[in-house]
Amino acid sequence: MDAGLLISFEGIDGCGKTTQLARLVDRLAAVRVKVLVVREPGGTRLGEQVRGILLDPATGDIDPAAEALLYAASRAELVATVIEPALAAGQIVVCDRYVDSSLAYQGAGRGLGIDRVLEANLLATRGRLPDLTVLVDLDPAVARTRLASTGADQDRIERAGSEFFTRAHAAYGELAARWPDRILRIDGDGTADEVEVRVDAALSRPLAARTGIVLEPLHRRQPA
Ligand code: TYD
């Protein structure tokens with residue numbers, strides 16, 4: 001595998017994607033595969049500064065195009081300085097959010113249009129879309145309840161109204177229909193263990209086909 005592999009995890013806030021990402025990374029580590037994990041926005045010095053601007057409620061409302069381009073700027077720096085070099089070295093890169101977040105949140109959520117935001121992101125990513133995307137699909141109302149139950153302060157994006165998340169959620173479904181070979185849509189309703197079984201069922205085969213990596217079966221983790 002000399003071209004590396006780019007896997008992204010996507011879904012609306014509160015869907016549980018970061019938990020599933022961490023579980024996959026653990027399972028890869030268990031078969032001695034080390035991966036590079038990055039999160040967006042952020043992951044570089046510029047990206048972390050831009051992340052601060054984007055997520056700080058003090059930034060307030062900004063122009064949707066400005067918002068999309070800030071996310072794209074963070075992504076461009078990350079792709080150029082971290083993701084591309086890692087892929088060129090044959091590594092597996094796992095992204096907690098990538099272009100599809102911009103297509104769903106800025107394209108649909110903010111109403112800029114998926115294709116216009118995609119165009120800006122093809123510039124930012126040098127045309128590098130993920131090889132595989134795990135989309136954790138959860139009803140926006142359920143996701144919102146989950147988020148509220150954590151008691152954490154809401155960031156600037158999370159403060160957008162429920163209609164924003166309904167539009168973003170619908171857009172993720174459109175993206176899955178548009179890229180059926182790339183985007184694996186997983187039902188995110190249920191416990192983390194239940195969702196992990198679904199991720200495993202969807203991801204194991206394409207992962208093995210692309211990399212030869214065979215994950216250990218999940219039942220090894222059942223309580224003794
Ligand atoms: P973060 O705290 O990383 O949230 P999460 O754990 O849900 O990934 O904050 C990132 C926020 O930015 C999140 O609300 C999604 C949003 N976002 C966009 O609107 N567009 C993008 O391109 C990206 C990467 C994130």
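Which residue, with a positive phi, follows helix 1? Helix 1 is followed by Arg-32, whose phi is positive, near 65 degrees. The model is predicted, so local features need pLDDT of at least 70 and side-chain atom pairs count only at pLDDT 80 or more, while totals for chains, interfaces and linings use all residues. Residues are numbered from 1 along each chain as its sequence is written, and side-chain values use heavy atoms, with hydrogens and water left out.

Helices (H or I, at least four residues) and strands (E, at least two) are DSSP runs numbered from the N terminus. Helix 1 covers residues 17–30, and its 14 residues should span 20 Å at 1.5 Å a residue; the expected span is 1.5 Å times one less than the number of residues. Its end C-alpha atoms are 20 Å apart, which agrees. The buried residues of this helix (buried being under 20% relative accessible area, exposed over 50%, partly exposed in between, with a 1.4 Å probe and protein chains only) are Lys-17, Gln-20, Leu-21, Arg-23, Leu-24, Val-25, Arg-27 and Leu-28. Contact means heavy atoms within 4.5 Å. The cover over these residues includes strand 1 (5–10), strand 2 (35–39), strand 3 (92–96), strand 4 (132–137) and helix 8 (192–211).

Arg-32 itself lies in the loop between helix 1 and strand 2 and is exposed, with a relative accessible area of 78%. Arg-97 also has a positive phi without being glycine, near 80 degrees. Its place is the loop between strand 3 and helix 4, and at 12% relative accessibility Arg-97 counts as buried. Another backbone feature is the cis peptide bond between Glu-40 and Pro-41, with omega about -10 degrees. Pro-41 belongs to the loop between strand 2 and helix 2 (45–55).

Helix 3 (residues 64–88) packs with helix 4 at an angle of about 175 degrees, and the axes are 11 Å apart. That makes the two helices roughly antiparallel. Axes are lines fitted to C-alpha atoms, for helices over the stretch in contact, and angles run from 0 to 180 degrees between N-to-C directions; under 35 degrees counts as roughly parallel, over 145 as roughly antiparallel, 65 to 115 as roughly perpendicular and the rest as oblique. Glu-67, Ala-68, Tyr-71 and Arg-75 of helix 3 meet Val-99, Ser-102 and Gln-106 of helix 4. The charged end of Arg-75 also sits over the ring of Tyr-98, 5.9 Å from its centre. For this, NZ of Lys or CZ of Arg must be within 6 Å of the ring centre and within 35 degrees of the ring normal. Arg-182 is placed likewise over the ring of Trp-179, with its charged end 4.5 Å from the centre.

There are 4 aromatic pairs in the structure. Rings of Phe, Tyr and Trp (its six-membered ring) pair if their centres lie within 6.5 Å; planes under 30 degrees apart count as stacked, over 60 as edge-to-face and the rest as tilted. Tyr-105 and Phe-165 have ring centres 6.0 Å apart and planes at 90 degrees, so the pair is edge-to-face. This pair links distant parts of the chain, 60 residues apart: Tyr-105 is in helix 4 (residues 99–109) and Phe-165 in helix 7 (residues 162–178). Tyr-105 is buried at 5% relative accessibility, and Phe-165 is buried with a relative accessible area of 5%. Tyr-105, Phe-164, Phe-165 and Tyr-172 form one aromatic cluster.
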